[in-house]
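Let me put the model up and then walk you through it.

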Amino acid sequence: MIAAAGQDRELLIMDLRPRASAYANKVGGGGFESYSGCRLLFGGIDAASVVRDAWRLMGHAVANLCSGEVGSWFRDVANSGWYDQIAAILGCARLLVAELHEHRCNALVHCSDGWDSTAQVTALTMLCLDPHYRTLRGFMLLIQKEFCSFGHRFRTRLANGEKPSSEYSPIFLQWLECVYQLTLQF
């Protein structure tokens, strides 16, 4: 058994991908961590291409909104999948907060790469656990530490100053939406 912070608890390994994606990756020669003495949880956070599609569908929902008319707003928003993704990210952060704060144990968090959902979840977890990150100075440090230092590709993900490519995906905007939701709730 791997001791986690001196506790009599298995180390949590949180693979942020959906379980099906991780197993498909394993069939294709990739894989995921699975060690004795560790608990493996899958976060169910979709790939950047799914985020891009959900963002586009949310844009259509807004564009189709007509004031004074009963329309399909709620259905369009629900069908976009945007808030399902927000819920998955917030759910992963909540599990990590519980593991670190309540159980006083360590956790390993990862995904296919470290600049998208990994940064989203770890930054939200830190925001919840450390009041310093809830100050303006701390918030800027958190962005620098979790997004910039780990190589988040702001330019290609947000298409800053260029035409959106297949790499476009509003990952950082999605994280800001998660922060906004936390601010509203707490």
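So, the chain has eight helices and three strands, where helices (H or I, at least four residues) and strands (E, at least two) are DSSP runs numbered from the N terminus. Quick caveats: this is a predicted model, so to speak of local features we need pLDDT of at least 70, side-chain atom pairs count only at pLDDT 80 or more, and totals for chains, interfaces and linings use all residues. Residues are numbered from 1 along each chain as its sequence is written, and side-chain values use heavy atoms, with hydrogens and water left out.

Following the sequence, you get β-α-β-α-α-α-β-α-α-α-α. The C-alpha trace spans about 60 × 45 × 35 Å along its principal axes. Of the 186 residues, 40% are buried, meaning under 20% relative accessible area with a 1.4 Å probe, protein chains only.

Now, the helix pair I wanted to show you. H5 (residues 117-129) and H6 (residues 136-148) pack at about 150°, axes 10 Å apart; axes are lines fitted to C-alpha atoms over the stretch in contact, and angles run from 0 to 180 degrees between N-to-C directions. H5 and H6 are therefore roughly antiparallel, the label for angles over 145 degrees.

Who touches whom? From H5 it's Ala119, Gln120, Thr122, Ala123, Met126 and Leu127, and from H6 it's Phe139, Leu142, Lys145, Glu146 and Phe147, with contact meaning heavy atoms within 4.5 Å.

Definitions and conventions:
Angles under 35 degrees count as roughly parallel, over 145 as roughly antiparallel, 65 to 115 as roughly perpendicular and the rest as oblique. Buried means under 20% relative accessible area, exposed over 50%, partly exposed in between (1.4 Å probe, protein chains only).
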